[in-house]
Amino acid sequence: MTQLYALRPGQLRKRLVLETPIDASDGGGGTTRSWQVATSFWGAVTPLAAGPGIDAEQPGGTVRYRVTCRHRTDIRPGHRLRNGTQTLRVDAVLDPDGTRRWTEARCHEHQP
């Protein structure tokens, strides 16, 4: 028997905002990217690992996160999630136990 994902709905305590990219022509052959709020939802944000440069808050460091929420189909790689003032860039999205009960997004902290 397959073990079900061990998250309970009461653990979804963070109010997250999903942002989608909008690319517009800058008139010089390039594009300018802005972000549009798509929706908000409750989720859990768990830090997973820190990459090089994160010690002593050095520039260039990367912190990876797992964001879990009830099943959604509108979260895609390249989107952003806002957790208060923190901005997370979505790298991958998956259904962790194949039941379509939960969606898990693997993210990294976006540095503007």
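Arg100 sits in the loop between strand 5 and strand 6, and its phi is near 60 degrees, a positive value in a residue other than glycine. With a relative accessibility of 58%, Arg100 counts as exposed. Do keep in mind as you look around that this is a predicted model.

- Strand 1 (residues 14-25) pairs with strand 4 (residues 80-83) in the antiparallel sense, over 3 bridges.
- Across that pairing, Glu19 stands opposite Arg80 in strand 4.
- Strand 4 also pairs with strand 5 (residues 86-94), again in the antiparallel sense, through 4 bridges.
- Arg80 has Arg89 as its bridge partner in strand 5.
- A hairpin is formed by strand 4 and strand 5, with 2 residues between them. Gly84, in the turn, has a positive phi of about 70 degrees.
- Strand 5 and strand 6 (residues 102-109) run antiparallel and are joined by 6 bridges.
- On this side, Val90 finds its bridge partner in Cys107 of strand 6.

**Glu19 and its surroundings**

- Beyond its neighbours within four places in sequence, Glu19 is in contact with several residues, among them Trp35, Val37 and His79.
- Its side chain makes a polar contact of 2.8 Å with the side chain of Arg80.
- A further polar contact, of 2.9 Å, joins the side chains of Glu19 and Arg82.
- Glu19 and Thr87 lie 68 residues apart in sequence, while their C-alpha atoms are 9.8 Å apart in space.

**Salt bridges**

- How many salt bridges does the structure hold? There are 6 salt bridges.
- One of them is between the side chains of Asp91 and Arg64, at 2.9 Å from N to O. This pair links distant parts of the chain, with Asp91 in strand 5 and Arg64 in strand 3 (residues 63-70), 27 residues apart.
- Asp91 is partly exposed, with a relative accessible area of 33%, and Arg64 is partly exposed too, at 40%.
- Arg72 and Asp74 meet through their side chains in a salt bridge of 2.8 Å, N to O. Arg72 counts as partly exposed at 22% relative accessibility, as does Asp74 at 26%.
- Arg106 and Glu104 form another salt bridge, their closest N and O atoms being 2.9 Å apart. Arg106 is partly exposed at 34% relative accessibility, whereas Glu104 is buried at 3%.

**Cysteines**

- The structure holds 0 disulfides.
- Cys69 is in no disulfide, and the nearest cysteine sulfur, that of Cys107, is 9.9 Å away. Likewise, Cys107 is in no disulfide, with the sulfur of Cys69 as the nearest cysteine sulfur.
- The 9.9 Å between these sulfur atoms does not qualify as a disulfide because the two sulfurs would have to be within 2.5 Å.
- Cys69 is buried, with a relative accessible area of 2%, and Cys107 counts as buried at 1%.

How values were computed:
Residues numbered from 1 in each chain as written. Predicted model: local features only at pLDDT ≥ 70, side-chain atom pairs only at ≥ 80, totals over all residues. Heavy atoms only, no water. Pairing = 2+ DSSP bridges. Buried < 20%, exposed > 50% of the residue type's maximum accessible area, 1.4 Å probe, protein only. Contact = heavy atoms within 4.5 Å. Polar contact = N/O pair within 3.5 Å; in protein donor to acceptor, adjacent residues only side chain to side chain. Salt bridge = Lys/Arg side-chain N within 4 Å of Asp/Glu carboxyl O.
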